[in-house]
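User: I would like to go through this model with you. Could we begin with the metal site?

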Amino acid sequence: MTEILPGVHAIDGIDPSPDFTTNVLLLKDAKGSSWTLLDTGLPPQEGYAGGAALVERYCEKNKIPLSSIKRILLTHLHLDHTGSLKTLAQKTGAKIYSHWIEASFIAKDPPYTGPGMPPREAVEVHEKLKDGDSVEAFEGLVTYHTPGHTPGHVSYYCPSRKILFAGDAVFNVNGVVVVSLKEYSFSEPLANISVRRLATLDVESLVQYHGAPVLKGARQGIQSAAKKA
Ligand SMILES: [Zn+2]
């Protein structure tokens, strides 16, 4: 079991390659005995079981019934975040949440043509979020629209724990927090503006999707990424 922070579990073995750290998270909800999944991982491919199988394996090992996963929160549309969405939604019966712009692209209506891998299967998002929306998950999350990497990318911030779940708004490259890599981004200027906004938050722990999480004193790293932006 990999509980990186109290109530925050990183699914083991989710990386398709050892060089490509990926953080699919299971968050324990403060209310009741339910769980929230944050992003879903790639679909199965040769030599890789896929996000859904790995989440299932993790839950089985840690005695978490799949039916206790009540919500799947998405940061954005890219395939490494949505590739196991359909299977996991079917297996858990969870409600799916994303930004309202991203919801259209995840439903492939219209298909996404920007940089990065688009979703393979169309999936209907149930809860279409906008900036500032609260989500009753984990210990209370607030939605921050952080466009740039994709048009409807969101980050989720937990004020009571000062944890920022930043998706691909930032990457951790060899211990340095940087703005979302431009070759995978829809708009570099927007990505920069979004990180400047994230740098105003009181963040102790940063858990972005790629690279090792920064568990303590993370605000400084986000601020220096924003300064370079
Ligand atoms: Zn991405």
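Analyst: The zinc ion has as its protein donors His76 (NE2), His78 (ND1), His149 (NE2) and Asp168 (OD), at 2.1 to 2.3 Å from it. Donors here are N, O and S atoms within 2.8 Å of the metal (3.2 Å for Na, K and Ca), and water is not among the atoms, so sites may look incomplete. This is a predicted model, in which local features need pLDDT of at least 70 and side-chain atom pairs count only at pLDDT 80 or more, while totals for chains, interfaces and linings use all residues. Residues are numbered from 1 along each chain as its sequence is written, and side-chain values use heavy atoms, with hydrogens and water left out.

User: What spacing do the donors of the zinc ion follow along the chain?

Analyst: The spacing is H-x1-H-x70-H-x18-D.

User: And what angles occur among the 4 donor atoms?

Analyst: The angles run from 86 to 172°, and the site of the zinc ion is irregular. Four donors count as tetrahedral if all angles lie between 85 and 135 degrees; four count as square planar and six as octahedral if opposite donors are over 155 degrees apart and all others between 65 and 115; anything else is irregular.

User: Are His76 and His78 buried or exposed?

Analyst: Both His76 and His78 are buried. Buried means under 20% relative accessible area, exposed over 50%, and partly exposed in between (1.4 Å probe, protein chains only).

User: Changing topic: how many cavities of 30 Å³ or more does a search of the whole structure find?

Analyst: The search finds 3. On a 1 Å grid over the protein atoms alone, a cavity is a set of points where a 1.4 Å probe fits but cannot get out, and lining residues have an atom within 4 Å of a point. Grid points are joined across faces, edges and corners, and a volume is the space filled by probe spheres set on the points.

User: Which residues line the largest cavity?

Analyst: Its lining includes Asn23, Leu38, Asp39, Phe165 and Tyr209, and the volume of the largest cavity is about 50 Å³. Strands β11 (163-167) and β14 (205-208) each supply at least two lining residues; strands (E, at least two residues) and helices (H or I, at least four) are DSSP runs numbered from the N terminus.

User: What about the second largest cavity?

Analyst: The second largest cavity holds about 40 Å³ of space. Among its lining residues is His149, which is also a donor of the zinc ion. Helix α5 (residues 188-198) gives the largest share of this lining, 3 residues.

User: Back to Asp39: where is it placed?

Analyst: Asp39 lies in the loop between β4 and α1. Asp39 is buried because its relative accessibility is 1%, and its phi is positive, about 65°, although it is not a glycine.

User: Which other residue has a positive phi although it is not a glycine?

Analyst: Lys108 does, with a phi of about 60°. Lys108 sits in the loop between α4 and β7 and is partly exposed, at a relative accessible area of 33%. Pro110 is placed in the loop between α4 (100-106) and β7 (127-129), and a cis peptide bond with omega of about 10° joins Asp109 and Pro110.

User: Lastly, with which side chain does His210 make a polar contact?

Analyst: The partner is the side chain of Asp80, at 3.1 Å. A polar contact is a pair of N or O atoms within 3.5 Å; within protein, one must be able to donate a hydrogen and the other to accept it, and residues adjacent in sequence count only if both atoms are side-chain atoms. His210 is buried, with a relative accessible area of 6%.

Key
1 Å grid on protein atoms, 1.4 Å probe; cavity = no way out; pocket = protein on both sides within 12 Å on 5 of 7 lines; lining within 4 Å.
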